[in-house]
Amino acid sequence: MTSELALLGGPKAVKSDGQDVFDWPIITKEDEDSVLEVLRAGKMSGIDVTQKFEQEFADWLGVKYALAHNNGTAAIHSALFSLGIGHGDEIICPSITYWASCLPVYSLGGTVVFADIDPRTLCIDAKDLEKRITERTRAIVVVHYLGYPADMDEIMEVAGRHNLKVLEDCSHAHGSMYKGKMVGTFGDVSAFSLMSGKSLATGEGGILATNDRRLHERAVLFGHYERHGSEITFEDLKKASGLPWGGYKYRMHQLTSAVGRVQLRHYPARMAEIDRAMNHFWDLIEGAPGMRGHRPPRDSMMTKGGWYSPVGLYCPEELGGLSVGRFCEAVRAEGVLSCYPGCNLPLHTHPVFRETDIYNEGKPTRIANLKSAFDIREPEGSLPVSEDINYRVFRIPWFKRQRPEIISEYAQAFKKVARCYDELLPGDEKTEQGFGRWSTSNVAGR
Ligand SMILES: Cc1ncc(COP(=O)(O)O)c(C=O)c1O
């Protein structure tokens, strides 16, 4: 008898070509016209369009100030500076994230301590984070990972008790809600990547948001010298204004801000459609063995915004120990080409966070940036969830349109593989190849 599984000779579950269901970003004549207007006026390096975008972004998010940057990494760098992070300071960051959540701290003379994640949300685990606080800790970086809102009540409570600042990295979570309130409005400052693979996609770009005027001004001071005259009001900051304190030039390109204005206008409706489509997918899968949705409970007033780079949680114990690599191979054979194991690799295991001496100080930068001789590097096994998570998640299709017939074919592919898992056990070599990545950007560089 032939198998039902496409990998073993059966028919594929996915028969449609997917049409435009995955296309992103959605670019219309409105985007094109906005770019042409800036180009024809020769205003690419100006700030007038950018300032309109900032105001609209701040209004949408519900904060007082937004400061656009030329990418999300720059926005995080400015945000860390705005918080006063300097020589010898530690920040705490989850190990499972893109490097830019913490790596810019090195060039401020600070360093990073990694905390473990919660295996259900994939966001920083507040209890583990608290254990890693020292007298040198100044700030916590929260990443709303793959759109899932981190547990802000617990995190803010820990931060408050230890007098720590909170930076929310919302690069995956534009529009995600935590208990009915938008992420990016809980901490002292937040930063968003806007590169073209993100849910709110403008091209290379980033934006910093805060309600705190002083933090806004410090961020302006760091890499936006062209605004010093009009935006710096604190006397102590004014004294040395005119040149960027960071030595960086972080202004957003106005082709990006022009696109940003159009994309933001349409984002709430597009995000709502993504949310419907992705929840529809998980509703179809619910109850099948081996898989859990990486999504907040329906009645929690929590949402995943644009569902950036979505994954499912994998439970091999329900599938006879089938490896996630073999599982994904079978799902891909069904026609789901985007199904791969893993997410970001744990940062605390990368040489840049273990041994690399970036600034020629005779020791790894990670510890050279501390005022006294401490070794804060986490030994293998000390972040068990982060070290294991790449065997426990798999990428799922990121639907941008609610097309129930197409989504149903994709859901059938996953369910069929889970149902017939025992046929896959004999060929399971449990290879670790292709697990996880240091970055979340897709292969096309978006
Ligand atoms: C969590 C996170 N933070 C920060 C960034 C940096 O943003 P950008 O690529 O715009 O510099 C990214 C980008 O992928 C990210 O995923």
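Let's start with Pro25, which sits in the segment before helix H1, residues 29-41. In this predicted model, the peptide bond joining Trp24 and Pro25 is cis, with omega at about -5 degrees.

Asn163 is in the loop between helix H5, residues 152-162, and strand E5, residues 165-169. Its phi is near 55 degrees, a positive value in a residue other than glycine. Is Asn163 buried or exposed? Asn163 is exposed, at a relative accessible area of 70%.

The other one is Met301, in the loop that runs between strand E10, residues 291-293, and strand E11, residues 311-314. Here phi is near 60 degrees, again positive and again in a residue that is not glycine. Met301 has a relative accessible area of 57%, so we count it as exposed.

Now let me zoom out to the whole chain. The secondary structure comes to 13 helices and 12 strands. For 446 residues, a compact globule would have a radius of gyration near 22 Å, and the chain, at 23 Å, agrees with that. Along the principal axes, the C-alpha atoms fill a box of roughly 80 × 55 × 40 Å. Of the 446 residues, 57% count as buried. If you take contacts between residues at least 6 apart in sequence, 72% of them join residues at least 24 apart.

Helix H6 covers residues 213-223 and is mostly covered, with 9 of its 11 residues buried. Among them are Leu215, Val220, Leu221 and Phe222, and also the charged Glu217 and Arg218. What do the buried residues of H6 pack against? Their partners include strands E1 (65-69), E8 (189-193) and E9 (206-210). On the helix side, they pack against H3 (72-82), H7 (228-231) and H8 (235-238).

Glu130 gives us another local picture. This residue is in helix H4, residues 126-131, and is partly exposed, with a relative accessible area of 25%. Leaving aside neighbours within four places in sequence, Glu130 is in contact with Val158, Arg161 and His162. Ala115 is 15 residues away along the chain, and its C-alpha atom is separated from that of Glu130 by 8.8 Å.

Let me finish with the cysteines. How many disulfides does the model have? The count comes to 0. Cys315 is in no disulfide, and the nearest cysteine sulfur, in Cys328, is 13 Å away. Cys315 counts as buried because its relative accessibility is 11%, under the 20% cut-off.

Note on methods: Residues numbered from 1 in each chain as written. Predicted model: local features only at pLDDT ≥ 70, side-chain atom pairs only at ≥ 80, totals over all residues. Heavy atoms only, no water. Disulfide = S-S within 2.5 Å. Buried < 20%, exposed > 50% of the residue type's maximum accessible area, 1.4 Å probe, protein only. Helix = DSSP H or I, 4+ residues; strand = E, 2+ residues; numbered from the N terminus. Rg over C-alpha atoms; globule rule 2.2 N^0.38 Å. Contact = heavy atoms within 4.5 Å.
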